[in-house]
Amino acid sequence: MSEIAQKVKQIIIEKLGVEESEVTPEASFTNDLGADSLDTVELIMEFEKEFNISIPDDQAENIATVGQAISYLEQNAKK
Amino acid sequence: MTFKRVVVTGLGALTPIGNTYQEYWKGLKEGKSGAAPITKFDTTLFKTKFACEVKNFEIGNFMDRKEARKLDLFAQYAMVSADEAVKDSNLPLQELNPDRVGVIWGSGIGGLITFSEEVKSFAKGDGTPRFNPFFIPKMIADLSAGHISIKYGFRGPNFSTVSACASSTNAIYDAFTYIRLGKADVMVTGGSEAAVAEAGVGGFNAMKALSERNDSPETASRPYDKDRDGFVLGEGAGALILEEYEHAKKRGAKIYAEVVGGGMTADAYHITAPHPEGLGITRVMQIALEEAGLTVADVDYINTHGTSTPLGDIGEIKAIQRVFGEHAYKVNISSTKSMTGHLLGAAGAIEALACIMAINDSVIPPTINHFTDDDGLDPNLNLTFNIAQKREVNVALSNTFGFGGHNFSIILKKYKG
């Protein structure tokens, strides 16, 4: 697993208070990991802070699963 | 119309001298001080370096981390004390009609810590607004009432009272009134505050409202002592379950006391200074007695607002003498803020609890830290200095006043069938 994927998982575990085993690539923040709309906004903000990027709202709307977050950040995070 | 009777059937407290209502009451009877150096932030540059903080509080023991993160400390305190009161009441949660159970919860300030942290973080940035999505729902002062209702599914009247240091007496009085008018069967009420923070201490210091007795925190809160120099900031929560009498009787609830009346007035004088003739506070006690259908001679104990400020303490005692006349010499008077510090919007709730426990235990909690008499106070009054006194208490009156000139009194009576 990439360093980015590892960090993304850590943030999700921390913010949503879920077990590591639940944080699978297919897991949806709202349907599987118990996030509400505010949790989702907070997660995106946490990704922005951790990876020092700005995620536009229209792109943030497409980040609904763990896998989508990892792949977006692997492509866009500043190296 | 006929008014319903209202009784107290559950208690909860999270205070600087005890983290349950029983520990709190034990602390009050023992004359324990909750004051100590502040642990929540670095006080090096602050005039006041101590407060009455809640001790050994670990929110993880009460709710999961994810839930707790969305609650400011004042709401965490609310949840913990409300939970204690709900459990203590033995309410049959599955059988209650949730539409007839409400929550009215007071807080003077709300999420001060959350507000400070978010604004500090914004100020450190480049001006890009990056506020946490939980910022507003953590900060706003009404959210404790919302959280309590969500946890238990109570769908009756629900709101928060904000009347500074009178907020939770305001909440209790409103809860009493709703039940009395038949608009609810059960109300969870009380208040919580968590303002021991840079902004809280710094703000009150700027008003010269806080004691600066840094060399002796535990003797700093000394209401009615000649050398009092301001109040000691406290934090925590107090919770009560109020219930319509027939509802309580039907389910065989244990009844701690009856709420028989209260009152509310305004000074209409100054934002922070008490009215020089104590007009509002005189009238509020008279109104409360009238609503309760009692005379001054019925009252055994007065738990005062008594914050340990030079002007406020004297004004209240003079108002008591004006209202009670000769009977003022026969009542026990005490300020439990000498032990707990001033819990601001939670003060009225824990002080109502002190009255209820005094009624149940026949003990008057003391005004500790009395060293030197104040010439401005009548020496023949019984201010219950330093040591608790045994006394049968049938009727207790609790006063709470807030910045803005809000005055509240509430009267609690021993339960008799």
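Trainee: Let's start with α6 of chain B: what covers its buried residues?

Mentor: This is a predicted model, so keep that in mind throughout. In it, the cover over the buried residues of α6(B) includes α3 (73-89), β4 (101-106), α5 (135-139), β5 (158-161) and β6 (186-193), which belong to chain B.

Trainee: Why is helix α6 of chain B called largely enclosed?

Mentor: Count the residues that fall under 20% relative accessible area, the cut-off for buried. Of the ten residues in α6(B), which runs over 143-152, eight are buried, so the helix is largely enclosed by the rest of the structure.

Trainee: Which residues of α6(B) are the buried ones?

Mentor: They are B:L143, B:S144, B:A145, B:G146, B:H147, B:I148, B:S149 and B:Y152. After α6(B) comes B:G153, with a positive phi near 75 degrees.

Trainee: What makes β4 of chain B count as largely enclosed?

Mentor: Six of the six residues of β4(B) are buried, so the strand is largely enclosed by the rest of the structure. B:V101, B:V103 and B:W105 point one way, B:G102, B:I104 and B:G106 point the other way, and all of them are buried.

Trainee: How do you know that β4(B) pairs with β6(B)?

Mentor: Pairing takes at least two bridges between the strands. β4(B) and β6(B) have six, in the parallel sense, and that meets the rule. As one of the examples, B:G102 has B:M187 in β6(B) as its bridge partner.

Trainee: And how many bridges join β4(B) and β5(B)?

Mentor: Four, again in the parallel sense. There, B:I104 has B:F159 in β5(B) as its bridge partner.

Trainee: What makes the link between the side chains of B:T307 and B:T309 a polar contact?

Mentor: The distance is 3.3 Å, and the limit for such a pair of N or O atoms is within 3.5 Å.

Trainee: On to salt bridges. Why is the pair B:E53 and B:K40 called a salt bridge?

Mentor: The rule wants a side-chain nitrogen of Lys or Arg within 4 Å of a carboxyl oxygen of Asp or Glu. For B:E53 and B:K40 the closest N and O atoms are 3.5 Å apart, so the pair passes. This pair links distant parts of the chain, 13 residues apart: B:E53 is in the loop between β3 (50-51) and α2 of chain B, and B:K40 in the loop between β2 (36-37) and β3.

Trainee: Are B:E53 and B:K40 buried or partly exposed?

Mentor: B:E53 has a relative accessible area of 4%, so B:E53 is buried. B:K40 is at 33% relative accessibility, so B:K40 counts as partly exposed.

Trainee: What makes B:E198 and B:K120 a salt bridge?

Mentor: N to O is 3.7 Å, and the limit is within 4 Å. B:E198 lies in helix α8 (residues 198-206) and B:K120 in helix α4 (residues 112-124) of chain B, 78 residues apart. B:E198 is partly exposed at 32%, and B:K120 is partly exposed at 35%.

Trainee: How do you know that the pair B:K66 and A:D39 joins two chains?

Mentor: The closest N and O atoms of B:K66 and A:D39 are 4.0 Å apart, and the pair forms a salt bridge. By this rule, the count over all chains is 29 salt bridges. B:K66 lies in helix α2 of chain B and A:D39 in helix α2 (residues 37-51) of chain A, so the pair joins two chains. B:K66 counts as buried at 17%, and A:D39 does too at 2%.

Trainee: How many salt bridges are there between chain B and chain A?

Mentor: Five. There is also a salt-bridge network that links A:K15, A:E42, A:E46 and B:R69.

Trainee: What area is buried between chain B and chain A?

Mentor: About 1000 Å², with carbon and sulfur atoms giving 47% of that. Ten residues from chain B and 14 residues from chain A take part in the contact.

Technical notes. Residues numbered from 1 in each chain as written. Chains lettered and ligands numbered in written order. Predicted model: local features only at pLDDT ≥ 70, side-chain atom pairs only at ≥ 80, totals over all residues. Heavy atoms only, no water. Contact = heavy atoms within 4.5 Å. Buried area = accessible area lost by both parts, 1.4 Å probe. Buried < 20%, exposed > 50% of the residue type's maximum accessible area, 1.4 Å probe, protein only. Polar contact = N/O pair within 3.5 Å; in protein donor to acceptor, adjacent residues only side chain to side chain.
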